[in-house]
Amino acid sequence: MFIYLRDRPELLQPGVSPRYLRTQRIRPLTGLAMYVVCGIGGWFIAPVVGVVCIAVVILYHALTCEGLHEGPLGRLLGAAGRR
């Protein structure tokens with residue numbers, strides 16, 4: 001979807017930057033990799049590890065829903081970086 005939008009900037013709302021599209025394109029790939037790790041952890045270590053890991057993935061997606069740098073996670077990391 002983000003590649004489609006990158007190639008059709010007229011579909012974007014005003015103010016959406018190319019940087020935002022690049023960072024958002026990473027999120028689904030990161031989530032997919034994290035789900036694989038959760039499945040492996042749940043299978044080989046313990047099911048509870050898989051469940052906890054999936055909860056972490058859900059939290060990751062919730063915190064980065066506005067973008068990796070724009071949402072709550074970005075504000076948190078930005079505040080930590082200014083200290």
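Analyst: Helix H2 passes helix H3 in a right-handed crossing, a crossing being left-handed if the near helix is turned anticlockwise from the far one by less than a right angle, and right-handed if clockwise. The model is predicted, and local features need pLDDT of at least 70, side-chain atom pairs count only at pLDDT 80 or more, and totals for chains, interfaces and linings use all residues. Residues are numbered from 1 along each chain as its sequence is written, and side-chain values use heavy atoms, with hydrogens and water left out.

H2 covers residues 18–44 and H3 covers residues 47–63, and the two pack at an angle of about 165° with their axes 7 Å apart; the axes are lines fitted to C-alpha atoms, for helices over the stretch in contact, and angles run from 0 to 180 degrees between N-to-C directions. H2 and H3 are therefore roughly antiparallel to each other, a label given to angles over 145 degrees. Helices themselves are DSSP runs (H or I, at least four residues), numbered from the N terminus.

Contact means heavy atoms within 4.5 Å, and among the residues that make it are Met 34, Tyr 35 and Cys 38 of H2 and Cys 53, Ile 54 and Val 57 of H3. The residues of this contact divide into ten nonpolar, six polar and one charged, where Ala, Val, Leu, Ile, Met, Phe, Trp, Tyr, Cys and Pro count as nonpolar, Asp, Glu, Lys and Arg as charged, and the others, Gly among them, as polar.

Cys 53, which lies in H3, touches Met 34 and Cys 38 when residues up to four places away in sequence are not counted. Cys 53 and Gly 39 are 14 residues apart in sequence, while their C-alpha atoms are 8.6 Å apart in space.

Beyond H3, Thr 64 is found in the loop between H3 and helix H4 (72–81). Thr 64 counts as buried because its relative accessibility is 0%, buried meaning under 20% relative accessible area with a 1.4 Å probe and protein chains only. The C-alpha atoms of Thr 64 and Gln 24 are separated by 8.8 Å, although these residues are 40 apart along the chain.

Notes: Parallel < 35°, antiparallel > 145°, perpendicular 65-115°, else oblique. Buried < 20%, exposed > 50% of the residue type's maximum accessible area, 1.4 Å probe, protein only.
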